[in-house]
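The stops below go from one selection to the next.

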Amino acid sequence: MTPGRVAAAGAPEEIIGARALDGLEVEEVSREGVLRLTPWEALDTNIVCGITTAARGDFGVAASSPARVAEAYGTLARGLGFGRVSVPTQVHGTAIHEVPRRPGVEGGVPVVERAGRVDGQVTGARECLLAATAADCVPIALWSRATGRIGLVHAGWRGAAAGILVRALAGLWRTGGGAPGELRVHFGPAICGGCYEVDRPVLAAFGFPGGRGRLDLRGLLAGQALAAGVDRASISSSRHCSACGTIPLHSHRASGGKAGRMAAFLGRRRD
Ligand SMILES: [Zn+2]
């Protein structure tokens with residue numbers, strides 16, 4: 001069920017933010033338990049961007065041992081051709097971690113770095129995979145083709161309402177040059193507006209009145225990106241809902257809080 005179809009069917013209840021996604025949905029290709037953002041990867045063959053599906057298991061960080069996190073993310077990075085991966089412990093905040101450049105890692109076991117308690121990472125480093133986890137929250141990939149800098153953000157309602165996307169966009173262009181108009185933004189698989197009924201505190205966080213409503217987080221975030229100066233043509237969104245989609249994804253809400261986590265990833269290989 002997509003927000004557009006809900007509206008077309010004449011559902012009486014408006015989904016806040018859903019219209020902002022009209023025309024932005026792109027196709028991701030599913031293979032080997034991973035959805036790949038093929039439109040970006042076609043623009044630059046050194047870009048590697050996607051997200052694991054539930055078929056690849058649980059990439060949760062907070063409840064996992066450091067050894068299990070290292071094993072899961074090291075395996076993911078190696079399979080994608082990266083010798084280094086940066087993994088955050090997400091806290092629904094707005095802090096952005098700048099991942100430093102390091103000397104290249106040749107072969108062997110991938111280095112799994114912990115980014116600390118942050119919900120967003122940006123970097124100009126090559127051959128370093130950025131990771132973020134999600135299970136209904138929105139994974140957001142950011143890419144400046146002009147400067148080569150990339151970012152990966154986890155945004156649930158708290159982070160979205162508190163402005164983590166705008167902070168990450170600023171983190172990309174402030175330290176690396178470039179301009180909002182040339183940044184690309186992609187919203188990955190997340191809970192759709194039809195599945196995301198929320199109550200008063202969540203509505204109030206975004207400045208909406210009322211006691212209950214349905215929010216499309218990706219649509220609200222798309223509106224934030226546009227307001228920050230990103231071109232509409234540079235914004236895209238996954239078609240997939242983590243809760244009601246046709247491919248196996250982890251959904252916190254649909255599972256009653258028992259879900260694992262998907263791992264979103266974004267990196268740039270060396271030319
Ligand atoms: Zn849904």
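Which residues lie nearest the centre of the largest pocket? Select H92, A135, C137, H252 and R261, which lie nearest its centre among the 26 lining residues.

Before going on, note that this is a predicted model, in which local features need pLDDT of at least 70 and side-chain atom pairs count only at pLDDT 80 or more, while totals for chains, interfaces and linings use all residues. Residues are numbered from 1 along each chain as its sequence is written, and side-chain values use heavy atoms, with hydrogens and water left out.

**Stop 1: the largest pocket**

Stay with the pocket. On a 1 Å grid over the protein atoms alone, a pocket is an open set of points with protein on both sides within 12 Å along at least five of seven lines, and a lining residue has an atom within 4 Å of a point. The space in the largest pocket is about 580 Å³; such a volume is the space filled by probe spheres set on the points, which are joined across faces, edges and corners.

Now colour β10 (129–134) and α4 (157–162), each of which supplies at least two residues of the lining. Helices (H or I, at least four residues) and strands (E, at least two) are DSSP runs, numbered from the N terminus. The lining has twelve nonpolar, nine polar and five charged residues. Here Ala, Val, Leu, Ile, Met, Phe, Trp, Tyr, Cys and Pro count as nonpolar, Asp, Glu, Lys and Arg as charged, and the others, Gly among them, as polar.

**Stop 2**

Most residues other than glycine have a negative phi. H92 is partly exposed, at 36% relative accessibility; buried means under 20% relative accessible area, exposed over 50%, and partly exposed in between (1.4 Å probe, protein chains only).

Next select E127, in the loop between β9 (120–123) and β10. Phi of E127 is also positive, near 60°, and E127 is partly exposed at 31%.

**Stop 3: the zinc ion**

Which atoms coordinate the zinc ion? Show the SG atoms of C192, C195, C241 and C244, at 2.2 to 2.3 Å from the ion. Donors are N, O and S atoms within 2.8 Å of the metal (3.2 Å for Na, K and Ca), and water is not among the atoms, so sites may look incomplete. The angles among the four donor atoms are 103 to 119°, and the site is tetrahedral (four donors with all angles between 85 and 135 degrees).

In sequence, the donor residues follow the spacing C-x2-C-x45-C-x2-C. C192 sits in the loop between β13 (183–187) and β14, and C241, 49 residues apart from it, in the loop between β16 (235–238) and β17 (262–268). C192 is buried at 1% relative accessibility, and C241 is buried at 4%.

**Stop 4: a sheet of three strands**

Show the open sheet with the order β1-β15-β14 and mixed pairing. Two strands pair if DSSP finds at least two bridges between them. β1 (15–16) and β14 (197–199) stand at the edges with a single partner strand each, so one side of each has no neighbour in the sheet. β1 and β15 (residues 212–215) run parallel, joined by two bridges. Select I15 to find one end of a bridge; its partner in β15 is R214.

Notes
1 Å grid on protein atoms, 1.4 Å probe; cavity = no way out; pocket = protein on both sides within 12 Å on 5 of 7 lines; lining within 4 Å. Tetrahedral: all angles 85-135°; square planar, octahedral: opposite > 155°, others 65-115°.
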